[in-house]
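Have the structure open and follow along.

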Amino acid sequence: MEKNGGRVLSEIPVMRLLFFSTILVVGTAIYTPSRSAELLPAHAIVDSIVIIKQKRELFVYQKHQLLKIYRIALGAQPKGAKQYKGDMRTPEGMYFINGKNPKSTCHKSLGISYPSVKDREYAQSIGKDPGGDIKIHGLPNGQGYIGAAHTLKDWTWGCIAITDEEIDELYDHVKVGASVNILP
């Protein structure tokens, strides 16, 4: 076998697999899926969501009463508001849940009403498409095993990501029309 810097080339993928497996185990132990391990009450109806990007947290409420806090991952360029399609930023502002998709490419998803009129006008003023298709979603299909370790790095195209178990829970309790306030 060919050697590369004293290592047999066939050993490199095994070493990478061991490295990433260790990161996954350590990351999962360090990062809990949500700040509250308790499930949402069976009768809960989430009517508002607040996302604080800087804290990487999603707060869910029923009639102004905090029900739960989830840890999140954001767009790969998390600072600043989304300005146009492809900028990898998560929007900032007031929106609402405009749909539910049980067969999303990321497990399940809740649609967010981005772009607003203001978002469209801004993008148009700089000659860009504002984009759209912003969601609160789980992990890409087939990758749910990553679990809470996904919050180690912002990785979406501008969406808000939580674990598959968390989106299952939230999906069952959030109503279409619920407000979504995304703060810096």
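## Starting in the sheet

Let's begin with a bridge: Lys100 has Leu110 of strand 7 as its bridge partner. On strand 8, Leu110 is bridged to Ile136. Strand 7 covers residues 109–112, and it pairs with strand 6 (residues 93–101) in the antiparallel sense over four bridges. Strand 7 also pairs with strand 8 (residues 135–137), again antiparallel, over three bridges. Pairing here takes at least two DSSP bridges between two strands, while helices (H or I, at least four residues) and strands (E, at least two) are DSSP runs numbered from the N terminus.

A word on ground rules: this is a predicted model, with local features needing pLDDT of at least 70 and side-chain atom pairs counting only at pLDDT 80 or more, while totals for chains, interfaces and linings use all residues. Residues are numbered from 1 along each chain as its sequence is written, and side-chain values use heavy atoms, with hydrogens and water left out.

## The wider layout

Zooming out, the protein has three helices and ten strands, running β-β-α-β-β-β-β-β-α-β-β-α-β from the N terminus. Eight strands make up an open, mixed sheet in the order 5-4-3-10-6-7-8-9. Its edges are strand 5 (65–71) and strand 9 (160–161), each pairing on one side only. Elsewhere in the sheet, strand 3 (residues 46–52) and strand 10 (residues 174–183) run parallel, joined by six bridges, and Ile49 stands opposite Val180 of strand 10.

## What's covered

Of the 184 residues, 41% are buried, meaning under 20% relative accessible area, with exposed being over 50% and partly exposed in between (1.4 Å probe, protein chains only). The protein exposes about 10500 Å², with carbon and sulfur atoms supplying 56% of that; these areas come from the Shrake-Rupley method with a 1.4 Å probe, and for residues only the protein chains shown count as cover.

Which residues of strand 7 are buried on each face? Ser109 and Gly111 are on one side, Leu110 and Ile112 on the other, and all of them are buried. In a regular strand, side chains alternate between the two faces of the sheet. Helix 3 (residues 164–173) is mostly covered too, with seven of its ten residues buried, among them Ile167, Leu170 and Tyr171.

## Around His137 and the cysteines

His137 sits in strand 8 and counts as buried at 6% relative accessibility. Leaving out residues up to four places away in sequence, its contacts include Cys106, Lys108, Trp155, Cys159 and Ile167.

There are zero disulfides, a disulfide being two cysteine sulfur atoms within 2.5 Å. Cys106 is buried at 12% relative accessibility, and Cys159 is buried at 10%.

## Two lysines on one ring

Back to Lys100: it lies over the face of Tyr171, 5.0 Å from the ring centre. The charged end of Lys108 sits over the ring of Tyr171 as well, at 5.1 Å from its centre. The rule asks for NZ of Lys or CZ of Arg within 6 Å of the ring centre and within 35 degrees of the ring normal.

Definitions and conventions: Contact means heavy atoms within 4.5 Å.
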